[in-house]
Amino acid sequence: GEVVMGFRSTSAKEEILGRIRNANKLAGVPSDPYPIPRDYRTNRTRSTDELVDLLEDRLVDYKADVHILKEADLPSTVADLCREHGFSKLGVAEGIDESIYSSVSADVEKDDRSTDPHKLGRFDAIITESHISSAQTGTIYLDGSATNGRRALTLVPDCHLCIVREESIVYGVPEAIDRLNPEMPITLVSGPSATSDIELSRVEGVHGPRTLIVLIVRK
């Protein structure tokens, strides 16, 4: 584009970037002088047992409550957890199979994306599936799909029951990113929401669920 002298923008950031672009243009600097390498390793493989063990270790270290179970035990485990925690109002992502919460005694309501996010606080807990998980970092990726739920659903209620299936666990972040749709709203979960102030006082539940319960489902 044309070099503009005396460039003035509506924000300080735009003005600074404009000056840099002008200076580079006048100096004949290429538009991409420092290409960023993108040859990340996306083919690192581990056995399923190793991936499950590593993910569990990372999540427990992040203070998540982790349960490893078989598919057939999923409904009874969900029901037991709801009873143990005393949940009376349970929200579920709209795409969750009804068999998963069929044994729950609590009042269950499927999320309606048109519902005001401010009203999601009425749920004691919510249930979602997950899209992909990185065992190395203990990170669960939610992609906003029907089974993963909208972002607000996974951030407002105080407890999140998240289902992670063994076939969705990969080793590292590059492998996980490689399986994501960049057009979807991705939420990354690594344990319960927590933050620390300048004195390192840990406070949980500020930016999301105070309690994260992960159900790793084995075949």
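Leu-90 stands opposite Ala-125 in S4. This pair belongs to a predicted model, in which local features need pLDDT of at least 70, side-chain atom pairs count only at pLDDT 80 or more, and totals for chains, interfaces and linings use all residues. Residues are numbered from 1 along each chain as its sequence is written, and side-chain values use heavy atoms, with hydrogens and water left out.

Strands and helices are DSSP runs numbered from the N terminus, with at least two residues (E) for a strand and at least four (H or I) for a helix. Two strands are paired if DSSP finds at least two bridges between them. S2 and S4 pair in the parallel sense, over three bridges. Strand S4 (residues 125–128) also pairs with strand S7 (residues 159–165), again parallel and over three bridges. Across this second pairing, Ile-126 faces His-160 in S7. Thr-128 stands opposite Cys-162 in S7.

These strands belong to an open sheet of six, ordered S1-S12-S7-S4-S2-S3, with parallel pairing. Strand S1 (65–70) and strand S3 (107–110) stand at the edges; each has a single partner strand, so one side of each lacks a neighbour in the sheet. Neighbouring strands are turned by 20° against each other on average, direction ignored. Axes here are lines fitted to C-alpha atoms, for helices over the stretch in contact, and angles run from 0 to 180 degrees between N-to-C directions.

In a regular strand the side chains alternate between the two faces of the sheet. S4 is covered on both faces. Ala-125 and Ile-127 are buried on one side, Ile-126 and Thr-128 on the other. Buried denotes under 20% relative accessible area, exposed over 50%, and partly exposed the range in between (1.4 Å probe, protein chains only).

Contact is taken as heavy atoms within 4.5 Å. Helix H2 (residues 48–61) lies across S1, S7 and strand S12 (211–218), at about 170° to S12. Helix H3 (residues 74–85) touches S1, strand S2 (89–92), S4, S7 and S12. The direction of H3 makes about 160° with that of S12.

Arg-218 is found in strand S12. Arg-218 is buried, with a relative accessible area of 19%. Its side chain makes polar contacts with the side chains of Asp-49 (2.7 Å) and Glu-166 (2.4 Å). A polar contact is a pair of N or O atoms within 3.5 Å; within protein, one must be able to donate a hydrogen and the other to accept it, and residues adjacent in sequence count only if both atoms are side-chain atoms. Leaving aside neighbours within four places in sequence, the contacts of Arg-218 include Thr-48, Val-52, Ile-68 and Lys-70.

Arg-46 lies in the loop between helix H1 (12–27) and H2. Arg-46 is partly exposed, at 39% relative accessible area. Beyond neighbours within four places in sequence, Arg-46 is in contact with Leu-51 and Tyr-171. The charged end of Arg-46 sits over the ring of Tyr-171, 4.3 Å from its centre. The criterion is NZ of Lys or CZ of Arg within 6 Å of the ring centre and within 35 degrees of the ring normal. The C-alpha atoms of Arg-46 and Val-170 are separated by 8.2 Å, although the residues are 124 apart along the chain.

A further open sheet has four strands in the order S8-S5-S6-S9, with mixed pairing. Its edge strands are strand S8 (169–170) and strand S9 (187–189), each pairing on one side only. Strand S5 (residues 132–134) and strand S6 (residues 139–142) pair in the antiparallel sense over three bridges. Ser-134 has Thr-139 in S6 as its bridge partner.
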